[in-house]
Amino acid sequence: MTEQEKIALIEETLDLDEGTLTADTVLDDVDEYDSMAKLSLIVMMDDEFGVKLTGDVIKGFKTVGDILAVMN
Amino acid sequence: MYSNIDNVKVIGIAAAVSEKWDSVMEVTNESQEVLKRFVKKTGVEGRYSASLKQTTSDFCCAAAERLLTEKNINREDIGVLVFVTQMPDYRIPATACVLQMRLGLSNNCIAFDVNLGCSGFVYGLNILSSLMSTSSARYGLLLAGDTSAREFSNKQKEKIGHTSELLFGDSGTATLLERSEGDSLSFMSNTKGSGFRAIIAPYGWYRNPESPDGRIHYSVMDDIEVFNFATNEAPEQISSYMDKKGTTSADYDCLVLHQANLMIMKRIAKKTGFSEDKMLVSMNKFANTSSSSIPLTLVYTYGDSEENKSINALCCGFGVGLSWATVGLSVNKKDILPLVHTSEYFKDGYNLDDLEENNND
């Protein structure tokens, strides 16, 4: 999966229009990145990448790039 | 812990809510966009909320009255009353004692409260059936509910206020058990006290009588910890339960999960081999109703059916504690009563408005 495809997946998970995010986007600046979005992110990461996100890991996400870094 | 209790059976379920239902659009100033996302993810379209003077016990009392009347139960024969709630009427005494009086039960009926939330219905059934199996009680009454709509507020946390404020509804339920030769109830229950901070009302009682901002009547929830707990522990317990009983999802007519949040429920169903059409949903109408949610979901689904047919329901509650518990219930649809609406509340003689009213008379 390319970085662009991963960003598109994050956009879909957060109910955002395509092209809204870049790797440098600061998550605190994204209105839609609320608690429900974080739960959706947990589901997506588990289903698509088998990655279990804990609260501490999610708290550490500052930019979209931080999320991309665990999408392996 | 697994336990099997012989010679008990659920013979009736009722639930009560207020007459006031609001859609999520009506109870918040959030934008339509945020609300649409909230409805899609949580499944909550609206909720019933208690009037200012109504408490959990008022809903449970109304549900129990309907149940005992419809089932034509001699109240002298009820030997145990367990009231499961996180929102009792008083700090002292146990609200179950007041309910014993309001329902006209005998002094031979023991009555006490249990402080549990989302797992409380199953825990309550476990406690009640255990007591019935070692006593002469013919019937036992489990009353479970909460008025969480006014309790939860995460406003102090950024960008999650809309979630908790809208997620909860108010209701009370009544479940009647009878001693019955040849029947049994099996339970699988767990508690994880190390997660006690995940859902907590930290202020206003003895540990922390005062809060930093002066507000005491609110609860806070760590959504992510609760989500991870629920979607990992509940499926594991349900699977262990079915292994222990030698059953699979095919042996149950429905999966009745605590109505926590649609995302959580779908994941639990998926992990335990239940199709989504077997997973009952009521939180669209009632939101998350804590210990009420399992019996309320049965009432919402089957309450208007008069069919004389038993259903096998696999029920799992999970939440505050952290605690979680699973039980398989066999209930006849005709014993699940239609939803009760009530605007009544108990005038105990201590309410300041009522005292003033009496003084003016």
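B:Phe286 counts as buried because 27 other C-beta atoms lie within 10 Å, and the cut-off for buried is 20 or more. This is a predicted model. B:Phe286 sits in helix H8 of chain B, residues 283–286. Leaving out residues up to four places away in sequence, B:Phe286 touches B:Val17, B:Arg47, B:Tyr48, B:Gly169, B:Ser171 and B:Leu296. B:Asp170 is 116 residues from B:Phe286 in sequence, but their C-alpha atoms are 7.7 Å apart in space.

**Confidence**

The model scores ipTM 0.88 and pTM 0.93. Chain A has a mean pLDDT of 92, and 100% of its residues reach 70 or more. Among the elements of chain A, H2(A) has the lowest mean pLDDT, 92, while helix H4 (residues 64–68) has the highest, 95. Chain B also has its mean pLDDT given as 92, with 94% of its residues at 70 or more. One stretch of chain B calls for care: over residues 154–162, pLDDT stays under 50. The model has 14 contacts beyond four places in sequence for that stretch. Where pLDDT is low, predicted coordinates should not be read in detail.

**Where the chains meet**

Contacts between the chains involve 14 residues of chain B and 12 residues of chain A. On the chain B side, two or more residues each come from helix H1 (32–42), helix H6 (223–245) and helix H7 (262–271). H6(B) gives the most, with five residues. By class, this side of chain B has seven charged, five nonpolar and two polar residues.

H6(B) packs against helix H2 of chain A, residues 35–49. The angle is about 35 degrees, and the axes are 10 Å apart. The crossing of H2(A) and H6(B) is right-handed. H2(A) brings A:Ser35, A:Lys38, A:Leu39 and A:Ile42 to the contact; H6(B) brings B:Asp223, B:Ile224, B:Phe227 and B:Asn228. Of the residues in this helix contact, four are nonpolar, two polar and two charged.

**One side of H3(B)**

Helix H3 of chain B spans residues 95–102, and B:Thr95, B:Ala96, B:Leu99 and B:Gln100 are buried in it. These residues cover an arc of only 145 degrees around the axis, so they lie on the same side of H3(B). In an α-helix, residues three or four places apart point the same way, because there are 3.6 residues a turn. What do the buried residues of H3(B) pack against? They pack against helix H2 (56–70) and strands S4 (78–84), S5 (110–114) and S6 (139–147) of chain B. After H3(B) comes B:Gly104, with a positive phi near 70 degrees.

Most residues other than glycine have a negative phi, and most peptide bonds are trans. The table gives exceptions.

| Site | Feature | Value |
|---|---|---|
| B:Ile92 and B:Pro93 | cis peptide bond | omega about 0 degrees |
| B:Gly321 and B:Leu322 | cis peptide bond | omega about -5 degrees |
| B:Asn72 | positive phi, not a glycine | phi about 55 degrees |
| B:Ser290 | positive phi, not a glycine | phi about 60 degrees |

B:Pro93 lies in the loop between S4 and H3 of chain B. B:Leu322 lies in the loop between strand S11 (310–319) and strand S12 (323–332).

Are B:Asn72 and B:Ser290 buried or exposed? B:Asn72 is exposed, with 6 other C-beta atoms within 10 Å. Its place is the loop between H2 and S4 of chain B. B:Ser290 is buried, with 34 other C-beta atoms within 10 Å. B:Ser290 is in the loop between H8 and helix H9 (293–302) of chain B.

Notes: Residues are numbered from 1 along each chain as its sequence is written. Chains are lettered from A and ligands numbered from 1 in the order in which they are written. This is a predicted model: local features need pLDDT of at least 70, side-chain atom pairs count only at pLDDT 80 or more; totals for chains, interfaces and linings use all residues. Two residues are in contact if their C-beta atoms, placed from the backbone, lie within 7 Å. Helices (H or I, at least four residues) and strands (E, at least two) are DSSP runs, numbered from the N terminus. Ala, Val, Leu, Ile, Met, Phe, Trp, Tyr, Cys and Pro count as nonpolar, Asp, Glu, Lys and Arg as charged, and the others, Gly among them, as polar. A residue is buried if 20 or more other C-beta atoms lie within 10 Å of its own, exposed if 12 or fewer, and partly exposed in between; C-beta atoms are placed from the backbone. The arc is that of the directions from the helix axis to the C-beta atoms. pLDDT is the predictor's confidence in each residue, from 0 to 100. Axes are lines fitted to C-alpha atoms, for helices over the stretch in contact, and angles run from 0 to 180 degrees between N-to-C directions. A crossing is left-handed if the near helix is turned anticlockwise from the far one by less than a right angle, and right-handed if clockwise.
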